[in-house]
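Here is a short walk through a few features of this model, with the cut-offs included along the way. Have the viewer open as you read.

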Amino acid sequence: MPTTRRRFLQGGLALAALPHSAIALLPSGNRSLDELWYTRPAERWLEALPVGNGQLGGMVFGGINKERIAISESTAWSGAPSEHDVSPGALEHLTEIRQLLFDGKYAEAGELCQKHLLGRSTSFGTNLPLPELQLNFEPGEASTQYRRSLNLDEAVARVSFRRGAVRFSREVIASHPDKVIAIRLTASKPGQISFRTGFEAVAIPAEITNDGQDTVILRGNAFERMHSNGQQGVALQMHVKVVSESGSTSALAQGIEVKDADAVTILVAVGTNFGGSDPQATCAGRLKQASGKSYAQLRAAHIADHQELYRRMSLDLGRSSANTGTQPTDVRKKALEAGASDPELIALFFQYGRYLTIAGSRADSPLPLALQGIWNDGLASSMGWTDDFHLDINTQQNYWPAEVCNLSECQTPLFDLIDGLRTSGRRTAKEMYGAPGWVCHTVTNAWGYTAPGWGLGWGLYVTAGIWIAQQMWDHYIFNADVEFLRTRAYPVLREAAEFFLSYMVPEPKHGWLVTGPSDSPENWYLTPDGQRCAESMGNTIDRIFVYALYSMCIEAAKVLNTDDELRSRLEAARAKLPPFQIGRHGQLQEWLEDFEDADPNHRHTSHLVALYPEDQISPRTTPELAKAAVVTIERRMNTPNWEQSEWGRANLVVYYARLFKGEAAHKHLVGLIAKAADDNLLTFSSGGVAGAEQNIFAIDGNTAGTAGIAEMLLQSQGGELQLLPALPAAWPDGSIQGLCARGGFEVDITWRRGELSSATIRSRRGGRIPVRYGHKTLTIHLRPAEVVHLRSANFEQNA
């Protein structure tokens, strides 16, 4: 039987009696290990708390007299598809530019790159922030006992405070099952809730109307003039329905007023015409579905859906001191920056990265996580970057924790984006390079952009498609999913390999096959005569990813028993790639020649992808190259005014984890949280770096930081599982459950006094795998679904 309005109201009243409502009012002396909490409302965007359902996002400020919820939606994009992004003179001048670079005429080649190779986008667009939903309350007595929180385990944002004898409470959820944001307002006494609600901060062209006495509708377009022409973008609608219990509800001009209600539920639906959808029908359908349920039903379905993903893992890094662990989150972050030890805050940061992945990217999401996930502070979209998909590290970092942190299906929308790039990238490969297969460059958008970017030094990064497609290979290798390899990953990788087999050329000194002209994102070098240049032939990051691409295709062809002739060509071409080189300073060379860095303090260390996510450099297999990688890191870090970035700090965590340097990894992890995350623990790109005038939220520091913690505790590259490879002294006792490893394994680890206590390894598909702890290894053989339990003594017996 469908839920009536009476049942909806009764369900909401019943919810108020749920035992968990008391948890939101816990005094500060109690610990909540999966919760961010504060004693004051948010004043800034980077203090607000994020909720999301994989498409629709909200930032909850928790104001007393004015509640603000900054709304965003992943498909709210300006711009449009285009078939004219490639420079018409690119193919004609390609051979000439390559020869100039081979001849050492770098500046002259750069001028021709600027003129003929850069992209010509006029409709690139950006994801745009949507108007805020605001609730304005009548001022009253001074409030006390204020508490604002985000429970990661339940994905519920809460606000509570007392005014006189009345306690007011709010909850905000972004429901994935019901595709709405739901806001619940309650009070400890009847008839206490009165407010006006409507849209504010409307920066897009829009009109606002009412539908009856309880619904307000915004109809608009995602238009802007910085990244498109002001007339391109999706049509969108935002519908807000207010359901009050007792009291009265009435329409205002462009808003709704509620008076003297016992409790209120507000439902928010957003729809766009992206992909041919009907925004009116989308919003109306979602509101009809959601309003047919009680809030208790909405909430229960939301929590169950979220916890199916979130509770796959747990992490214990040890107890923080009683004084530290019971403080509000912003106080703890400041204490961490001042030198306090707080392993529980680091464990919270780990789970926060998983929470943001779940909230921002689901299997049915229409688009993957952008630079700001599905949230949008209006800053990235209003500067030169755009809030898009950066393919020279940021989008990759967004998904680094997905496989290892047991959220594999959250990558699905990224795979859909890659399929689209493969289609549009065929045209770019043909028009720009005269080659088969597909290619894309540094940035892409919701419309399948694959041409180069529009600036020297960053726009001509040519192996971006390989790097992002590597996420598909990881999905195969972590899950041992041969069918996924056959139907999705290998077709993408095979066509990319066909492009590079045609595109690469021999350099004249050694006959090595090299890419180019291409950038090593986003760095510049000094030519022998002291000029700043960026484009080159055969930079190291391109060599790394072409080697990886050919290796993936060779292995896939063997597994699938196909393409013998192609496999032979790839093996021959791989053997002709340049070797890694160590430069005059003992550093890993970033370019084919031993150039000096034009900006020694630069944030990018693109050539170190050989350490992570690749496994082409390792202290165990290539010790001299690993030492050169350390020199590269130290030279960057020791240069005055190192360019601090959230993703750069996260890189240092994974780099040092792969170098088995747990203390250094921990140092930079603490630096990431303390210096590159704000009070809400969202990471940011610092003002003064990369053209930003102020700190701008970027989700990659959160997600890559989570991946870094996982990498410190378990590694599975190189055909073996390694337990506790970079455990720091700051975490002497702890445990982790639910980590995933390549080959289809799931691993739980417990350690005491800095030593392995036990490990449980589960196999999804069966197989043989060496397991390493320290310098000792043993090999286990597991059948599908079989479990093995190991202790440190097992490794001693096998020594």
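Helices α12 (residues 464-479) and α14 (residues 540-560) have axes that come within 11 Å and cross at roughly 35 degrees. Axes here are lines fitted to C-alpha atoms, for helices over the stretch in contact, with angles from 0 to 180 degrees between N-to-C directions. Helices (H or I, at least four residues) and strands (E, at least two) are DSSP runs, numbered from the N terminus. Contact means heavy atoms within 4.5 Å, and α12 contributes I466, W467, Q470, W473, Y476 and I477, while residues from α14 include F545, L549, M552 and E555. The residues of this contact divide into 13 nonpolar, 1 polar and 1 charged.

Please keep in mind that this is a predicted model: local features need pLDDT of at least 70, side-chain atom pairs count only at pLDDT 80 or more, and totals for chains, interfaces and linings use all residues. Residues are numbered from 1 along each chain as its sequence is written, and side-chain values use heavy atoms, leaving out hydrogens and water.

Next comes a sheet. It is open, with 7 strands in the order β2-β3-β4-β5-β10-β15-β14 and antiparallel pairing; strands pair if DSSP finds at least two bridges between them.

The twist averages 20 degrees from one strand to the next. Between β14 and β15 (residues 255-261) there are 5 bridges, and S248 has K259 of β15 as its bridge partner.

Finally, A785 sits in the loop between β33 (776-782) and β34 (787-791).

Definitions and conventions
Nonpolar A, V, L, I, M, F, W, Y, C, P; charged D, E, K, R; others polar.
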